[in-house]
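Subject: Handing over a structure

Dear colleague,

I am passing on to you the structure below, together with its sequence, and I would be glad if you kept it open while you read the notes that follow it.

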Amino acid sequence: MKDLDFRLKRVLMRVDFNVPLDKDYNITDDTRIQKALPTIKHVLDQGGAVILMSHLGRPQKKLNKDGSINVEKFTLRHVVSHLKSLLGTEVFFSPDTVGSEALSKSYLLNPGQVLVLENTRFHKGESKGDEIFAAGLSNLGDLYINDAFGTAHRAHASTSAVAAHFKHDEKSFGYLMNAEIKNADKVLNSPARPLTAIVGGAKVSDKIQLLERLMELTQNIIIGGGMAYTFVKAKGGQIGNSLCEDSHLDLAKELLEKAANNNVDIYLPEDSVIADDFNNDAKTQTVNSNEIPDGWMGLDIGPKAIQKFSEVLMDSKTILWNGPLGVFEMSNFSNGTMSTAKVVAEATSNGSFSLIGGGDSVAAVNKAGLSDKVSFVSTGGGAMLEYLEGKKLPGIKAITG
Ligand code: AMP
């Protein structure tokens, strides 16, 4: 961004303003808006005008009964007054993303002013990466900035196709997108070692590509959450009614063999907090993870696992975390995830680099109140996962070529 001259320019900017709203359409968590502010302010301070585009929810999936868009629920008008108070500048709204009104409003902006366009997903062309829609969007700006890392894995019109209408020196990442890429690259390309990955969450099937990649990169992989039990079973353990993907047992065995061949240490939870029902009020006990009786399921890692994982993490110089280690949404099964968050924060204060790479582990670190005690918390769930897997994200390729 520092190479672009924003003076007297209309700057078309893709942000992620997909914020949660309550039933009266008040914003309940403005983190995503806050994260976009440095880039917006930079352009305004440099004498540019900003035209913001974003999606909000999935309006095409939740149409009114007559097939029309539910404008009241999904309009980006909901963010305008809050944005105005955060920026302290004039913020206008265009009820369409493309067309004459949006175009004339973009030209009427003075330097330092902002125009918010209606939800890009009101147009079917957005998620199809439609060329005509993208061309319409591109008319609204002299320069294009993408600061929406959370949607960088989608080849949509506003995240990808639109960028083709700007020359190399007319487009750039914003600060947030830049930071996401820089921090992920630090882990992927030049990590201080040992590098330990913590991989959790519900299913092995969602994390196969990530695990394959981590086999090439890391010294240690800690596996927790529901997905751990497929590995425990693959090693001959009894897992009772714990989550298990039987169709992936062979794959789990292959991954364990691959790790051994690559000198990667895999740490599975030695013990688990098990429950007789998927319910916070269920009966619980702590047992070895490979001795779970029928009728019981592992819903959190146990104290021995926490101890072992902590030792590995405290010895690590780089930590990458994707996915919770238990059903952290239920208080009785959140201890493993919360304790791990504390250890990651402690390792960070001792000088390790920690990246919380997306999805529910981000929610867990926030819940533990430790988001400012780790090195970087990603805003992009699916996007970060795909980036870590080694995929080229359309939103990044559209800028870098
Ligand atoms: P993912 O989206 O794959 O990262 O999975 C996150 C979800 O996995 C969260 O909603 C957790 O509640 C769930 N989860 C974590 N551990 C377990 C477990 N042991 N059994 C069932 N679900 C789990």
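How many residues surround the ligand, and which are the closest? Before the answer, please keep in mind that this is a predicted model. The ligand is surrounded by 16 residues, and the closest of these are A202, G226, G298, E329 and D360.

Some of the distances around the ligand can be given atom by atom. In the side chain of E329, an N or O atom lies 2.5 Å from an oxygen atom of the ligand, while G298 takes part through its backbone, where an N or O atom is 2.9 Å from a nitrogen atom of the ligand. The side chain of K207 also has an N or O atom that is 3.2 Å from an oxygen atom of the ligand. On its own the ligand has 510 Å² of accessible area, and the protein covers 81% of it.

In general, the strands of a sheet pair through backbone hydrogen bonds, and they may do so in a parallel or an antiparallel way. Here, β11, which spans residues 271–275, pairs with β12 in the antiparallel sense over five bridges, and V273 stands opposite T286 in β12.

As for the chain as a whole, the domain assignment gives domain 1 as residues 10–173 and domain 2 as residues 181–388. The centres of domain 1 and domain 2, taken over C-alpha atoms, are 35 Å apart, and six residues of domain 1 are in contact with eight residues of domain 2.

Finally, two places in the backbone deserve a look. The peptide bond from R193 to P194 is cis, with omega near 5 degrees, and P194 lies in the loop between α7 (175–189) and β7 (195–199). Y25, a residue other than glycine, has a positive phi, near 65 degrees, and its place is in the loop between β1 (10–14) and α1 (31–45).

Technical notes. Residues are numbered from 1 along each chain as its sequence is written. This is a predicted model: local features need pLDDT of at least 70, side-chain atom pairs count only at pLDDT 80 or more; totals for chains, interfaces and linings use all residues. Side-chain values use heavy atoms; hydrogens and water are left out. Two strands pair if DSSP finds at least two bridges between them. Helices (H or I, at least four residues) and strands (E, at least two) are DSSP runs, numbered from the N terminus. A residue is near a molecule or strand if one of its heavy atoms lies within 4 Å of it. A polar contact is a pair of N or O atoms within 3.5 Å; within protein, one must be able to donate a hydrogen and the other to accept it, and residues adjacent in sequence count only if both atoms are side-chain atoms. Accessible areas come from the Shrake-Rupley method with a 1.4 Å probe; for residues, only the protein chains shown count as cover. Domain bounds come from an automatic or database domain assignment. Contact means heavy atoms within 4.5 Å.
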